[in-house]
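Please read the following report alongside the sequence and the model. It begins with side chains and then turns to the chain as a whole.

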Amino acid sequence: MDATATANPTDLRLLPVERGTLTLAEYCELEERLGREVFVGRLERELRLRTNPLEPFYGNSPVEFADLVRLGLKCLGLYARGCRNALDLRAETHETNLPCWPRGLDGYRILHLSDLHFENNLRITDRIIARLPEIPHDLCVLTGDYRARTFGPFELAMHELARLRAAIPGRVYAVLGNHDSIAMLPYLRRMDLPVLFNEGVRIGRGDDAFHLAGIDDPHYHRVWDIARSLRLRPDGMPAVLLSHSSLPYREAEAAGVSLLLCGHTHGGQLCLPGGMALLNNERAPRRMIRGPWRYRSLAGYTSRGAGATGVEARYNCPPEITVHVLRSPP
């Protein structure tokens, strides 16, 4: 493909911070792969989030909400404890019975990592790597949010993610979160970490197979498309959907998805004793804020995440990496 023939310089100016990290040919390749409407829509959404001065989390506000929370915790003498809690990584195992799951894949293990936010605490990479040898799995999936901010440089996050990817044996698939730029896609591909951007792949052979689908971040960027991610799924084949957020649970159930794996909420991150979340950044029922849940025929799991967002502290909500053990009917 002739890159100069299809590129629109206006599109490239939509990412002034990330511009220069990708070649013109890579931008053109993304436009062809994702479709022009989706590609430009994602770029424009990133620009609006980055330049909104009234947005305390994602804009250019001089004093952010996280700074106020951090200051409050320090004044109360709780900050150091919260930072220690954020490194108390738990390895969770969750079994899920799926009515249409193939018998030949009974006991299939999916390692699920989410919300790494590497720059907030670089030590979390080594903590995860140290736990990997004790966690056997058949497939690994990542459900978004690799950098801490939603704009600006992301090279440090990509460096840490490359270290993590090198330590994970076998296949790994990912989706983007609301903190992730579309400009990360070629970087992830080069580290053998394919991103399912409203796309799907077949996992397994013959009748012992399932469709792994992934959609773009549904929380902020709004170009996710479940139907497109399932378009190559054969009739009757079970589908596992990767989504950064649980927000599209109704659409996923209506489309016949068996299992939805997501993150985004951090389980609340700052919780009262007993796990009561002080804040909820999800537009879904509170029962979906963390752990397993069901909606009609759809099984779901919302990870508490391995990293921390905003303030690098956790209370009554330890970080997690999760192994989902998928079971077929008896």
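## Charges over rings

The charged end of Arg190 is placed over the ring of Tyr187, at 4.9 Å from its centre, where a charge sits over a ring if NZ of Lys or CZ of Arg is within 6 Å of the ring centre and within 35 degrees of the ring normal. Lys74 likewise lies over the face of Tyr79, 5.0 Å from the ring centre.

This is a predicted model, in which local features need pLDDT of at least 70 and side-chain atom pairs count only at pLDDT 80 or more, whereas totals for chains, interfaces and linings use all residues. Residues are numbered from 1 along each chain as its sequence is written, and side-chain values use heavy atoms, with hydrogens and water left out.

## Aromatic pairs

The structure holds 7 aromatic pairs, a pair being rings of Phe, Tyr or Trp (its six-membered ring) with centres within 6.5 Å; planes under 30 degrees apart count as stacked, over 60 as edge-to-face and the rest as tilted. The ring centres of Trp101 and Phe210 are 5.0 Å apart and their planes stand at 40 degrees, so this pair is tilted. Trp101 lies in the loop between β1 (90-97) and β2 (108-113) and Phe210 in strand β6 (residues 208-214), so that the pair links parts of the chain 109 residues apart, strands being DSSP runs of E with at least two residues.

Trp101 and Phe210 are both buried, meaning under 20% relative accessible area (1.4 Å probe, protein chains only). Together with Tyr108, Trp101 and Phe210 form one aromatic cluster.

## The chain as a whole

Of the 330 residues of the protein chain, 57% count as buried.

Terms used:
Buried < 20%, exposed > 50% of the residue type's maximum accessible area, 1.4 Å probe, protein only. Helix = DSSP H or I, 4+ residues; strand = E, 2+ residues; numbered from the N terminus.
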